[in-house]
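Welcome, and please open your viewer. We will go from one selection to the next together.

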Amino acid sequence: MATMESLISLVNRIQRACTVLGDHGGADTALPTLWEALPSVAVVGGQSSGKSSVLESIVGRDFLPRGSGIVTRRPLVLQLHKTEDGQPEYAEFLHLPKKIFTDFSLVRKEIADETDRLTGRTKQISPIPIQLSIYSPKVVNLTLIDLPGLTKIAVEGQPDSIVQEIESMVRSYVEKPNSIILAISPANQDIATSDAIKLAREVDPSGERTFGVLTKLDLMDKGTDALDVLEGRSYKLQHPWVGIVNRSQADINKNVDMIAARHKEREYFATSPEYSHLSSTMGSEYLAKLLSKHLESVIRVKIPSITSLINKTIEELESEMDHLGRPIGVDAGAQLYTILELCRAFEKIFKEHLDGGRPGGDRIYGVFDNQLPTALKKLPFDRHLSLQNVRKVVSEADGYQPHLIAPEQGYRRLIEGALNYFRGPAEASVDAVHLVLKELVRKSIGETQELNRFPTLQSELAASCHQSLERFREDGKKTAIRLVDMEASYLTVEFFRNLPQEVEKGSNTVAPTVDRYTEGHFRRIASNVSSYIGMVSETLRLSVPKAAVHCQVREAKRSLLSLFYAQVGRKEAKQLGLLLDEDPALMERRVQCAKRLELYKSARDEIDAVSWAR
Ligand code: GDP
Ligand code: MG
């Protein structure tokens, strides 16, 4: 069963959680605010209009700081909790948990001290509220927010800007649709000049959430009365106006206590010739009950929308937290674990690129299938085996004694010369594979979501991978060049054995020596060398890819991160922390989101704990 008490105290508990977790409606963090969704009563009025007096008489205690100048410089969230008759009265500040105040003059001192603690002696104002709970059998359940008095001029010692600052702070509280405005105006002033009514009219033109309170009825000029205001003719509001008679300064000086003052006020309305017909709806006790009842009904109406707001926000905050990632432990073990986890995530993506599943690995096959064969085809063997060059090379190899049967040396030189050309495409294939691998590392780092938080780790990981790939490239080149060199160091004998013998083919009518130097002879040599080179080219077309895959691709899959792991293993705890140093804005955001999430969850628990009468 939801009772009056349980509803208002529910909101009180949520409000306290808001203050503890830094939600007082300030929009500076761009975080969702629960505070603003909670209904509350904000007290507004000009300086000396009687705000403090009204609050004190609602509570039935003196506990607010007094003095000249702007005394209230931080909002005071005053939560009243009704206790059983006969229970002791006490107060408690949220910022001083477990400290019970039974002496209300100490409450007054603590409000003043706590104000200064935040605003300093400079007498600045601050929007961060002080939260005070009063437990008493004499109060009604109610939450009121005392705000600095609206003023026209700064008093000495306070900066001129304070006038504007107060106005915007008060406005920020009352413009919220969930704010109930307690607008205090003194009766001994023209209502048309009331600061409270002026502001209320601006933020609540229909008057549906404004309660008009007229103080100082006893101080009106003889022969005048406030019936035009109290009966709603001067300024119409949805709720009836309430007239109040607080203690005068003289009463305060004489230490007239609150109970006596309430009694006096009741008597005033009962016996007043002007107001006795209204006496049942006048006075601070009536005002307290009226507000409590209204707050109660507003909360009852708002609870479903607050609940759905809470659930929606929890979802949003949780998904943002997921996005921001888990916070990392501060000890070296946790950091190392995080780094290794991130490396694993990266490696998995990198392998998917190579093995398929993610694009990019196919470009390595492109190197072998297209780039290498094209480069081989473009090698300038036509020039190398031109008649002219063959004749030159063979003659030079012969020296003074031309070859008798076959130009053994000439063949060798022509072949060796041709084989040299293969180094280029072999190296180029290794380089091309290297570039693909490097690009895949870059892509994979970008695609490892979890890594995005850690720019330092990202760049160190990339640098280390590049270093490894560089090693693989060197090894790949050595191996590919070695394949070419191997071709040069031992020629395939069978190829030559199987060549048709020239001498036997030559006709007897022509002298062998003459035949040996004809164009046909050199052409034959060129063609033999050309087909030998073609055979080698085919071999290399098949073996260079094997070298590149063996030395580069396979190694990248097996040990791309070995170097990085070794580097990380040598790091001290502090250096590990540096690797994981996140963007500070992001860390801050995570802390804020976590706090806000905690708030919303505790609010949800609070609401769940109350069973509703529907
Ligand atoms: P605040 O600045 O709005 O908080 O105003 P205070 O509550 O401090 O009141 C300013 C002065 O007006 C004090 O000296 C009060 O005693 C006096 N005062 C407030 N309300 C009444 C009232 O209804 N009747 C009389 N006679 N004096 C009042
Ligand atoms: Mg005051």
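In which sense do strand S1 and strand S6 pair? Select residues 40–45 for S1 and 179–186 for S6: the two run in the parallel sense, joined over six bridges. Strands pair here if DSSP finds at least two bridges between them. Strands (E, at least two residues) and helices (H or I, at least four) are DSSP runs, numbered from the N terminus. Now pick Val41, which stands opposite Ile180 in S6.

Before moving on, a note on conventions. This is a predicted model, in which local features need pLDDT of at least 70, side-chain atom pairs count only at pLDDT 80 or more, and totals for chains, interfaces and linings use all residues. Residues are numbered from 1 along each chain as its sequence is written, chains are lettered from A and ligands numbered from 1 in the order in which they are written, and side-chain values use heavy atoms, with hydrogens and water left out.

Next, show the whole sheet. Eight strands make an open sheet with mixed pairing, in the order S3-S4-S2-S5-S1-S6-S7-S8. At its edges are S3 (90–93) and S8 (242–243), each pairing on one side only.

Now select ligand 1. It is surrounded by 18 residues, and the closest are Ser48, Ser52, Ser53, Asn246 and Gln249. Look for its polar contacts (pairs of N or O atoms within 3.5 Å). An oxygen atom of ligand 1 is 2.3 Å from an N or O atom in the Gln249 side chain. Polar backbone atoms also face ligand oxygen: one of Arg247 at 2.9 Å and one of Ser49 at 3.2 Å.

Finally, color the helices H2 (51–59) and H7 (249–253), the elements that give two or more residues to the shell around ligand 1. H2 provides the largest share, three residues.

Terms used: Near = heavy atom within 4 Å. Polar contact = N/O pair within 3.5 Å; in protein donor to acceptor, adjacent residues only side chain to side chain.
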